Amino acid sequence: MKIVVIGGTGLIGSKLVTKLGEHGHEAVAASPNTGVNTLTGEGLAEVLAGASVVVDVSNSPSFERAAVLEFFETSTRNLLAAEAAAGVGHHVALSVVGTERMPENGYFAAKIAQEQLIEKSSIPFSLVHATQFFEFARAIADEATVDGKVHVAPVRFQPMAGDDVAQAVGRVAVGSPLNGRVEVAGPEQFRMDEFFREALAAWGDPREVVTDPQARYFGSVPGERTLVPGEGATFGQIRYRDWLDRTATGK
């Protein structure tokens with residue numbers, strides 16, 4: 001089937017396009033780099049012609065509260081309208097585990113707004129809520145750094161590899177619409193401060209990790225289970241240490 005991947009040239013999108021192609025599907029990467037812009041609507045009608053499924057793994061270029069909300073609302077409205085006109089039968093969107101548990105967070109609030117638009121649409125849908133990606137661990141540590149020290153809350157944390165995210169999204173994309181959500185996470189659960197203490201040591205990063213119950217996660221203080229999935233979640237196969245070793249050797 002023809003599956004259009006919005007954000008198909010990014011981290012998850014490029015992996016997803018490859019995996020779908022390996023399974024015999026016509027996977028089309030759609031992004032501003034390929035002439036498709038969901039904010040302006042440019043190229044949407046053309047790329048969606050004949051598509052059975054659309055997978056949206058795009059992300060906002062800015063995480064500033066107003067900008068990220070504007071991105072997800074505008075792009076999702078344009079995308080859903082174009083899908084309806086093209087007769088697309090399944091809309092899949094990648095979201096984040098814990099959005100509803102930390103709505104005061106600007107990014108999470110924007111993802112909630114995106115999901116509400118999808119749920120109200122006439123198009124059958126599936127939402128894939130994933131935990132944080134291994135690939136973003138360094139960015140999380142940098143965001144948490146205050147005066148040269150990494151302040152992290154001692155809450156549960158269950159990150160996953162981008163390859164496992166793409167695998168989960170692809171599985172949902174080729175299946176029947178859920179008209180609901182599925183949660184996916186890594187195979188190991190950590191305490192967030194301990195994860196980063198071990199990760200920084202593995203990176204050879206000299207920064208001290210400070211266990212701080214009031215530490216903010218991109219502007220908000222997470223609760224004990226904010227960032228981990230509930231019962232019934234699907235788990236990836238790749239462990240962080242194995243991913244780190246594989247990344248270091250380029251395999």
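This is a predicted model: local features need pLDDT of at least 70, side-chain atom pairs count only at pLDDT 80 or more; totals for chains, interfaces and linings use all residues.

Reader: How many cavities of 30 Å³ or more does the structure hold, and which residues lie nearest the centre of the largest cavity?

Author: A cavity is a space where a probe fits but cannot get out. The structure holds one cavity of 30 Å³ or more, and the volume of the largest cavity is about 80 Å³. Its lining comprises 13 residues, with Ala144, His151, Met192, Arg216 and Tyr217 nearest the centre. At least two lining residues come from each of helix 5 (137-143), strand 7 (149-152) and helix 7 (192-203), and by class the lining has ten nonpolar, one polar and two charged residues.

Reader: What volume does the largest pocket have, and how do its lining residues divide by class?

Author: A pocket, by contrast, is an open set of points. The largest pocket contains about 850 Å³ of space, and among the 38 residues lining this pocket, Ser58, Asn59, Phe63, Tyr107 and Phe136 are the closest to its centre. Helix 1 (11-22), strand 4 (90-96), helix 4 (106-120) and helix 5 each give at least two residues to that lining, which divides into 22 nonpolar, 15 polar and one charged.

Reader: Is Thr226 buried or exposed, and which residues does Thr226 touch?

Author: Thr226, in the loop between strand 11 (209-211) and strand 12 (234-235), counts as buried because its relative accessible area is 6%, where the cut-off is under 20%. Its side chain reaches the backbone nitrogen of Gly223 at 2.7 Å. Leaving aside residues up to four places away in sequence, Thr226 touches Val97, Gly98, Arg101 and Met102.

Methods:
Residues are numbered from 1 along each chain as its sequence is written. Side-chain values use heavy atoms; hydrogens and water are left out. Helices (H or I, at least four residues) and strands (E, at least two) are DSSP runs, numbered from the N terminus. Buried means under 20% relative accessible area, exposed over 50%, partly exposed in between (1.4 Å probe, protein chains only). A polar contact is a pair of N or O atoms within 3.5 Å; within protein, one must be able to donate a hydrogen and the other to accept it, and residues adjacent in sequence count only if both atoms are side-chain atoms. Contact means heavy atoms within 4.5 Å. On a 1 Å grid over the protein atoms alone, a cavity is a set of points where a 1.4 Å probe fits but cannot get out, and a pocket is an open set with protein on both sides within 12 Å along at least five of seven lines; lining residues have an atom within 4 Å of a point. Grid points are joined across faces, edges and corners, and a volume is the space filled by probe spheres set on the points. Ala, Val, Leu, Ile, Met, Phe, Trp, Tyr, Cys and Pro count as nonpolar, Asp, Glu, Lys and Arg as charged, and the others, Gly among them, as polar.
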